[in-house]
Amino acid sequence: MDSGDLEVPYIGHYPAVGKTCKELAQALKVELEKTYYYRATVIISVDLMTKSRGKVYLVGPVRMPGPEDIPSDEVLTLSKAILRAGGFTDFADQHHVKITRQGGAGEIDKETLVVDVGEIFDKGKTENDVPLKPGDLIYIPERMIRVQPRNPQMQTNKQKTCRS
C-alpha cells in the first residue's frame, strides 16, 4: 500500500496526501528555498493509472461487445457496463439480460441472474442494478421480432408489388 509520500531530492520523504499538484508544488518550493535554492521552480505532473480489479464480458447486441475492465475505485454495475459498451442495439432484449457468475472458492456451480435492465434505464429502478464481479459473463439476448400483418391479403398484395 502506498504511504502517500513523495521521495524528493534534498528533502527526502514529503507528505502529499490530500494536496493538489499546485499546492504540493508550492509547498516543495518553500522547502527547497529554505536551504538549497535562492529561487526554485517546481513542476509536478501526476499520471493516474486506474488499476483494474478484473474483467467482465459482454456478449450479444450491444454496440461494443467484449471485455470490460472493473475499475478498482468504483463499483461497476450491470447498467454501467452496458453503457460503457456503447449501450444496447435496436435488437437487444433489455428485459432478460443474464449474468452468469462462477461460484465462490470451492464451489463448482454457477449462479445465473436475470435482470430487467429496461426498468433500470427507463424507470430508474437502480435497486435492481447488480454490482458485477470479476469473471461475470453478461449475455444480452436478441428480442424476438414477430411482425404479423393484420390482414393476410395485404401481405400477399405487398409481395406482388415488391417484385422487380
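In what order do the elements of the protein run from the N terminus on? They run β-β-α-β-β-α-β-β-α-β-α. That makes 4 helices and 7 strands in the protein. Helices (H or I, at least four residues) and strands (E, at least two) are DSSP runs, numbered from the N terminus.

This is a predicted model, where local features need pLDDT of at least 70, side-chain atom pairs count only at pLDDT 80 or more, and totals for chains, interfaces and linings use all residues. Residues are numbered from 1 along each chain as its sequence is written, and side-chain values use heavy atoms, with hydrogens and water left out.

**Overall picture**

- The protein has 164 residues, and 27% of them count as buried. Buried means under 20% relative accessible area, exposed means over 50%, and partly exposed lies in between (1.4 Å probe, protein chains only).
- The protein exposes about 12300 Å². Carbon and sulfur atoms supply 52% of that area. Accessible areas come from the Shrake-Rupley method with a 1.4 Å probe; for residues, only the protein chains shown count as cover.
- Take the contacts (heavy atoms within 4.5 Å) between residues at least 6 apart in sequence. Of these, 44% join residues at least 24 apart.

**Nonpolar cores**

- A nonpolar core is a set of buried Ala, Val, Leu, Ile, Met, Phe, Trp, Tyr and Cys residues joined through side-chain atoms within 4.5 Å.
- The largest nonpolar core has 20 residues. Those with the most contacts inside it are Leu-58, Leu-78, Phe-88, Leu-132, Ile-138 and Ile-140.
- Strand 3, helix 2, strand 5 (97-102) and helix 3 (117-123) each give two or more residues to this core. Helix 2 gives the most, with 3 residues.
- A second, separate core has 6 residues.

- Side chains of opposite charge can pair when their charged atoms come close.
- The structure holds 7 salt bridges. In each, a side-chain nitrogen of Lys or Arg is within 4 Å of a carboxyl oxygen of Asp or Glu.
- One of them joins the side chains of Lys-34 and Glu-31 (3.1 Å, N to O). The two residues are 3 apart in helix 1 (residues 21-35), so about one helical turn separates them. Lys-34 is exposed, at 59% relative accessibility, whereas Glu-31 is partly exposed, at 25%.
- Glu-74, Lys-80 and Arg-84 are linked in a network of salt bridges.
- In the bridge between Lys-80 and Glu-74, the closest N and O atoms are 3.5 Å apart. Lys-80 is partly exposed at 34% relative accessibility, and Glu-74 is partly exposed at 28%.
- In the bridge between Arg-84 and Glu-74, the closest N and O atoms are 3.0 Å apart. This pair links distant parts of the chain, 10 residues apart: Arg-84 is in helix 2 (residues 78-84), and Glu-74 is in the loop between strand 4 (66-71) and helix 2. Arg-84 is partly exposed, at 32% relative accessibility.

**Surface patch**

- Tyr-57, Val-59, Leu-137 and Tyr-139 form a nonpolar patch on the surface. Together they have about 340 Å² of accessible area.
- Strand 3 (52-59) and strand 7 (137-139) each give two or more residues to the patch.
- Patches are made of residues with over 30% relative accessible area and no salt bridge; like charges are joined within 9 Å, nonpolar side chains (Val, Leu, Ile, Met, Phe, Trp, Tyr) within 5 Å.
- Leu-137 lies in strand 7. This residue is partly exposed, with a relative accessible area of 35%.
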